[in-house]
Structure formats: structure tokens, C-alpha cells
Amino acid sequence: MEVPQPDWLTSEHMTGTSIMAVEFNGGVVIGADSRTTTGSYIANRVTDKLTRITDNIYCCRSGSAADTQAIADIVAYHLNLHSVEIGEAPSVETAASVFREICYTNRESLMAGIICAGWDKYKGGQVYTIPLGGMCVRQPFSIGGSGSTYIYGHCDATFKENMTKEECKKFVLHALALAMSRDGSSGGVVRMAVISAAGVEREVVTGDKLPRFWEG
């Protein structure tokens with residue numbers, strides 16, 4: 001009789017995740033937890049799920065770690081060629097369209113939920129959601145990953161239009177902290193980045209600095 005293998009030996013690496021992005025007047029704030037799981041085993045507790053695509057465009061990755069890393073590399077390659085052709089930085093909408101094309105064309109074989117966010121001189125800060133299946137839609141804020149299911153009500157109740165950069169950072173931090181406290185596949189530290197005309201400002205909030213809420 002075959003001895004059953006523990007799930008952490010056979011499961012795929014998953015960024016079972018909480019990811020988020022919010023538009024503000026002048027840019028976007030993106031954030032993610034840092035836990036990567038293989039079944040119930042935490043394979044990496046300090047993963048960086050905020051992946052650079054160009055200097056002004058990043059993506060937040062959820063789903064299969066291998067799939068999302070490969071997609072991000074391919075999109076970055078295409079946009080690098082595109083920027084040479086047009087002689088300027090590509091727009092966020094173009095980046096989101098390339099993500100959508102790859103995710104939709106290969107929807108049967110990929111497990112990838114992407115949030116594409118960034119700033120360009122044409123439309124300012126933008127957030128595009130590309131969930132499983134390859135749909136692409138622009139939203140004022142987006143949440144994704146396994147932890148997002150716990151915080152839809154909080155985000156709907158807390159979000160308001162025309163928030164400042166600092167209000168957006170607080171919104172992202174509190175939402176991710178709440179998701180991480182409930183979701184077993186989310187945890188570690190919170191990585192955030194502000195993308196604007198001035199560039200990218202990155203920040204890490206360690207576990208002992210996260211806001212605490214009722215834990216009954």
C-alpha cells in the first residue's frame with residue numbers, strides 16, 4: 001500500500017494571498033501580505049508580491065506563484081520592447097491589456113489573479129483588475145486573493161472617493177491587516193508602494209507594527 005504524502009510535499013507553491021490597490025489624485029497605493037504556502041506549509045514568509053513591470057507600473061500577484069511570476073516576466077518583456085518602439089514609457093492601460101491578453105488566451109491552464117496599477121501622464125493613477133479567466137476592468141480600488149473574501153464589507157464601508165495619499169495608505173494597511181488576521185493563507189509583513197509622477201516609494205510594515213483589531 002502506498003504511503004500518503006503530506007500535502008506540503010505535493011502541493012503547488014501558492015501565493016494564497018491578500019492584495020490591494022487604490023487610486024488617489026496623483027497616483028496609486030498598492031499593498032500585499034508576504035506569505036507563500038505549499039499546501040498548509042508556509043514556504044516563504046517574506047515574499048514580495050509587488051512586482052515591478054516598468055518604472056511606473058507594478059502588479060500585485062495572487063494564485064500560483066509560478067504562473068504569476070512567468071506572466072509578470074513576459075509582460076515586462078513585451079512592454080520593454082513597446083517602449084523602445086514608441087520612444088516613451090508605456091501607459092498603464094497598455095500594460096493591463098497585455099496582462100488581459102495573456103491571462104485570457106491561457107485561461108484554461110493558468111491560475112493567476114492580477115492587479116495591475118501604476119501612473120502615466122495620460123490618465124494619472126490607475127488600477128486594473130485581471131481576475132481568473134482574463135477579464136480586465138478599471139476600478140477605483142481593487143482587492144484580491146484568498147484574504148479578500150473577509151474584507152469586502154470593510155472596504156465597501158470605508159472607501160470614499162478623492163482620498164489623499166495618506167488616507168489611501170491607511171485604508172490599504174487596515175484592510176490587509178484585517179485580511180491577514182482572518183485568512184490562514186495570508187500573513188507575514190505588509191509591503192506597500194506609492195506610485196506617482198515622483199516615482200515609487202516603498203514601505204514595509206512588520207508584523208509587530210500592524211494595527212490590531214478585535215480578535216475574539
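**View 1. Asn162 in the loop between helix H4 (152-158) and helix H5.** Helices (H or I, at least four residues) and strands (E, at least two) are DSSP runs, numbered from the N terminus. Asn162 is exposed, with a relative accessible area of 75%; exposed means over 50%, buried under 20% and partly exposed in between (1.4 Å probe, protein chains only). Its phi is positive, near 60°, in a residue other than glycine. Most residues other than glycine have a negative phi. The model is predicted: local features need pLDDT of at least 70, side-chain atom pairs count only at pLDDT 80 or more, and totals for chains, interfaces and linings use all residues. Residues are numbered from 1 along each chain as its sequence is written, and side-chain values use heavy atoms, with hydrogens and water left out.

**View 2. Helix H5 across the sheet strands.** Helix H5 (residues 165-182) lies across strands E2 (19-24), E3, E11, E12 and E13. H5 runs at about 165° to E2, where axes are lines fitted to C-alpha atoms, for helices over the stretch in contact (heavy atoms within 4.5 Å), and angles run from 0 to 180 degrees between N-to-C directions.

**View 3. The open sheet.** Five strands form an open sheet in the order E11-E2-E3-E12-E13, with antiparallel pairing; two strands pair if DSSP finds at least two bridges between them. Strand E11 (141-144) and strand E13 (199-205) are the edge strands, each pairing on one side only. On average, neighbouring strands of this sheet are turned by 10° against each other, direction ignored. Strand E3 (residues 27-32) and strand E12 (residues 190-196) run antiparallel and are joined by 6 bridges. Gly27 has Ser196 of E12 as its bridge partner.

**View 4. Packing of helix H2 and helix H3.** Helix H2 (residues 65-86) packs against helix H3 (residues 92-105) at an angle of about 135°, and their axes are 10 Å apart. H2 is therefore oblique to H3 (under 35 degrees counts as roughly parallel, over 145 as roughly antiparallel, 65 to 115 as roughly perpendicular, the rest as oblique). H2 contributes Ile71, Ala72, Ile74, Val75, His78, Leu79 and His82 to the contact, and H3 contributes Thr94, Ala95, Val98, Phe99, Ile102 and Cys103.

**View 5. Asp55 in the loop between strand E6 (50-54) and strand E7 (57-64).** Asp55 counts as exposed, at 58% relative accessibility. Asp55 and Pro90 are 35 residues apart in sequence and 9.9 Å apart in space, C-alpha to C-alpha.
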